[in-house]
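Here is a short report for a first look at this model. Keep the sequence and the 3D view side by side as you read.

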Amino acid sequence: MIGTTTVDAVQHGMWINERLGAGSAYHVPVVIRLRGPLDRGALIRACAAVVERHPVLSGRVEEDDGVPYLRSGDAPVEVAHIAAEGEALSEILRREVVRPFDLAAGPLVRFTMVGESPLRHLLLVVAHHLVFDGRSKDLLVAELAAAYGGARPPVFPVPEVSGPDTEPAPGFWDTRWREPGLVALPGAPGRSRGTAPGRTVAFETDTDFAIPGLTRFEVLTAALHALLRSYGNQDVVTAIDLSTRRPGDAAAIGSFVNELPLFSRPEAGMPFADFAAGLRAELRALYAHRHLPLARAVPGLRPHAALAPVSISYRRREEPEPDFAGLDASVEWLAANHAVRGSLQLQFLDTAGGLTGSLRYDPEEVPEAGAVAGELVALLDRLAAAPDAPLSKLLDIRAAHVAEAVAAAPVTEAPGEVDDPLAGEVAGIWEEVLGISPIGPHDDIFDLGAHSLTITQIIARMRKRLKLEVPLDAFFETPTIAGVLQAVRND
């Protein structure tokens, strides 16, 4: 059993955003389609065997003094069965994918069997990102297939990681990190770093866009940065998902991922291969920091569901398709979760057969997001034929046109004294948690170096000692003692 473990900083960010209302943004679905005479009992036992082997899936998240802990779960993991009669399969899948998890009760995975016909079946697995990542999909499906056929779980090789695993240099982010602004995109500027209901555009290409000395991930990332430059972004930033798996985690289902920002400044006259090589060097510098969440390295970083409006996740899959004891099986590895983190969230699966992409977007914010997918595929085709061509030959480089709404700031009076008897007691709790004294009523908690963990600790202590129930979003909207107390009074 997993017993009790503290969640790491990345998981803590997910937990915070769940409390703020993330919807299904952290739901990770896998759709397995099976054709042939299915042994339902064997498949149910296979699901149970995988959960028994990876008890983190049956866990729950319990809060103690504002700190979330991942504990062994008591709730059994069940396999639901739905007969697809009178309801479209797509609607069944959507409903089951977006159905909320009860993190405090668990489990953090659910299985749903859908019978389409006597010889056509579907198994939907939905896990929470707190305990599940892209590599976990491969592990789970392979172990399900083996258990269904009565075999032992397969042995997986140590996963490849990008670049060396070294200790981060002090001050690495001091000159690199800056808050991302608006991103020029087709149709409208992207600004979101939160979560929203989302749609998905699927695309694929079998173009061989390899460039000597670069991995396909590095070429793909450079292509996305160049494309964003063509939309008018002089300075480009994307959030990058990096694996934090170590050799001992090769066969473990869990959440082994960290999101870090990647900055670049593409020049129109620069050959693409040269730009990609420079971006490769920056990526390699990031790899040494993939185990350190940015919130731990940058004081005062406000928690967001996405570090930048545009994010990218890439996974290389080498294993053969799973064998469910002779059944005809196919897997939808990039199944939609009907939500998006940020403005655009691009997921890529690279196999011997080509590159498959899934672009998640908020149609209210980026109505023409589908154009990004088509233009990225077209760019990969062009650079495969001419990798040394300058960006201006490969793309229509536009002038910056992010319409930032810069209105004249209204004149405001300096904040006055706070006439609230609780202000001193609240300040005492803030000073205790942050280790800073004194803290004034108008000091911004993020400027003082707070992060998501310290805020939840403050909320817990204000609840316990002062009997004040402070909504989490009050700290993000009015991050001062005066503002938080005002929010409590108005609630």
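Which helices and strands each supply at least two residues of the lining of the second largest pocket? They are β1 (4-6), α1 (9-19) and β11 (257-264). Helices (H or I, at least four residues) and strands (E, at least two) are DSSP runs, numbered from the N terminus.

## About the model

This is a predicted model: local features need pLDDT of at least 70, side-chain atom pairs count only at pLDDT 80 or more, and totals for chains, interfaces and linings use all residues. Residues are numbered from 1 along each chain as its sequence is written, and side-chain values use heavy atoms, with hydrogens and water left out.

## The second largest pocket

The second largest pocket has a volume of about 360 Å³. A pocket is an open set of points on a 1 Å grid over the protein atoms alone, where a 1.4 Å probe fits, with protein on both sides within 12 Å along at least five of seven lines. The volume is the space filled by probe spheres set on the points, which are joined across faces, edges and corners.

The lining has 25 residues. Lining residues have an atom within 4 Å of a point. D8, Q11, G254, S255 and F256 lie nearest the centre. The lining divides into 12 nonpolar, nine polar and four charged residues. Here Ala, Val, Leu, Ile, Met, Phe, Trp, Tyr, Cys and Pro count as nonpolar, Asp, Glu, Lys and Arg as charged, and the others, Gly among them, as polar.

## Helix α8

Helix α8 (residues 370-385) has 16 residues. It reaches 24 Å from its first C-alpha to its last, close to the 22 Å expected at 1.5 Å a residue. The expected span is 1.5 Å times one less than the number of residues.

Its buried residues (under 20% relative accessible area, 1.4 Å probe, protein chains only) are V372, A373, L376, V377, L379, L380 and L383. They cover an arc of only 160° around the axis, so they sit on the same side of α8. The arc is that of the directions from the helix axis to the C-beta atoms.

## Backbone exceptions

Most residues other than glycine have a negative phi, and most peptide bonds are trans. A cis peptide bond joins G106 and P107, with omega about -10°. P107 is in the loop between α3 (89-98) and β6 (109-117). The bond from S437 to P438 is also cis, with omega near 0°.

H338 has a positive phi, near 60°. H338 is buried, with a relative accessible area of 19%.

Note on methods: Buried < 20%, exposed > 50% of the residue type's maximum accessible area, 1.4 Å probe, protein only.
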